[in-house]
Amino acid sequence: MPGWESDIYCVPIIGQIEGHFILPQKNKTTKYEHIIPQLVAIEQNPKIRGLLIVLNTVGGDIEAGLAIAEMVASLSKPTVSLVLGGGHSIGLPIAVATDYSFIAETATITIHPIRLTGQIISVPQTYEYLDKMQDRIIRFIVENSDITEEKLRELMFRTGELVRDVGTVLIGKEAVNVGLVNSLGGLREGIAMLNQLAPVPPAPNGEKKPGSVK
Amino acid sequence: MLHTIYPLEVVLDYEGDVEPNLKELTFGQMTLVVERLESGEHRLVRLISPNPQDYLIGWLQPGSIVISDFRRQI
């Protein structure tokens with residue numbers, strides 16, 4: 001119904017997560033500098049009872065992705081994520097940052113190591129830096145999901161699955177089986193879970209609102 | 001640093017990109033970074049505001065067409 005204001009806020013994370021520099025125009029991007037204050041507003045706004053994050057992303061800027069993931073994880077309001085299409089690379093920390101995560105049956109998550117390209121100074125410190133960045137991401141995923149660090153590293157460094165890289169592609173249920181995502185599900189399940197985590201109190205005049213408890 | 005499944009040479013292909021014609025419009029505490037399009041309209045590139053609730057306003061999302069004399073869209 002036009003004009004009906006939702007009390008659930010939906011944040012789509014799509015395309016490339018754009019961070020410190022502007023990507024070429026042909027990329028579809030999620031601008032993290034807009035998402036971050038939105039999350040602050042969602043935390044503050046008394047009319048919003050929960051957050052639904054819908055992901056169909058190919059990854060992107062590591063620090064922007066982690067910033068969004070940390071903000072989502074530290075929201076006091078109930079949060080649910082829904083991975084549709086893809087939740088690849090740095091999209092995965094965002095997917096697991098919520099209170100509950102769903103993945104559609106046909107959605108995929110690619111887990112692979114981070115790469116440094118372009119001109120690098122080939123000294124041990126460069127690789128230590130890469131290692132630290134890698135550990136940061138692994139630590140966040142392990143702390144916010146049911147996967148073990150051992151299993152995550154095994155998936156991340158597996159050879160033979162990806163054409164141009166080491167890593168693993170998980171489809172739907174596989175992501176649930178390894179403990180990364182909570183359940184298979186779609187929109188119906190995502191909204192139902194949010195209604196469960198953040199029930200709508202019945203209106204004072206007895207009028208039943210969508211999602212309200214009986 | 002990008003962590004993505006797309007090859008970086010595809011993501012970072014700036015060929016054909018035109019330098020955007022950006023302007024900053026300030027209204028009270030709000031600053032709109034807009035891009036002037038060929039049609040004469042202005043598209044919002046970035047919103048800068050100390051009030052987080054401004055970032056929830058529907059027609060102030062990046063990519064929206066905002067008119068340069070800041071008439072509110074209904």
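1. I started with a salt bridge: R46(B) pairs with E33(A), their closest N and O atoms lying 2.9 Å apart. The rule (a side-chain nitrogen of Lys or Arg within 4 Å of a carboxyl oxygen of Asp or Glu) finds two salt bridges across the interface of chain B and chain A.

2. Some housekeeping before going on. This is a predicted model, with local features needing pLDDT of at least 70 and side-chain atom pairs counting only at pLDDT 80 or more, while totals for chains, interfaces and linings use all residues; side-chain values use heavy atoms, without hydrogens and water. Residues are numbered from 1 along each chain as its sequence is written, and chains are lettered from A, ligands numbered from 1, in the order in which they are written.

3. Polar contacts next (a pair of N or O atoms within 3.5 Å; within protein, one must be able to donate a hydrogen and the other to accept it, and residues adjacent in sequence count only if both atoms are side-chain atoms). Between chain B and chain A there are 20 residue pairs of this kind, both residues at pLDDT 80 or more. On the chain B side, the elements giving two or more residues are β1 (2-4), α1 (8-11) and β4 (42-48), and α1(B) supplies the largest share, four residues. Helices (H or I, at least four residues) and strands (E, at least two) are DSSP runs, numbered from the N terminus.

4. How much area do chain B and chain A bury between them? About 2,900 Å², with 59% of it on carbon and sulfur atoms; buried area here is the accessible area (1.4 Å probe) that two parts lose on being put together, summed over both. In chain B, M1(B), H3(B) and L56(B) lose the most, together 31% of what that side buries. The contact (heavy atoms within 4.5 Å) involves 40 residues from chain A and 26 from chain B.

5. A sheet-like link crosses between the chains: β1(B) pairs antiparallel with strand β3 (residues 50-61) of chain A over three bridges, and H3(B) has G60(A) opposite. Two strands count as paired if DSSP finds at least two bridges between them.

6. Within chain B, look at strand β3 (residues 30-36). Strand β2 (residues 22-27) pairs with β3(B) in the antiparallel sense over six bridges, with F27(B) opposite M30(B). The β2(B)-β3(B) hairpin has two residues between its strands, and G28(B) in the turn has a positive phi of about 65 degrees.

7. β3(B) also runs antiparallel to β4(B), joined by six bridges, and L32(B) has L47(B) as its bridge partner. Five residues separate the strands of this hairpin; G40(B) in the turn has a positive phi of about 95 degrees.

8. Please look closely at H112(A), in the loop between β6 and α4 (124-143) of chain A. Is H112(A) buried or exposed? At 5% relative accessibility, H112(A) counts as buried. Its side chain makes polar contacts with the side chains of S89(A) (2.6 Å) and D165(A) (3.3 Å). Leaving aside neighbours within four places in sequence, H112(A) also touches residues of the other chain, including H3(B), T4(B) and I5(B).

Terms used
Buried means under 20% relative accessible area, exposed over 50%, partly exposed in between (1.4 Å probe, protein chains only).
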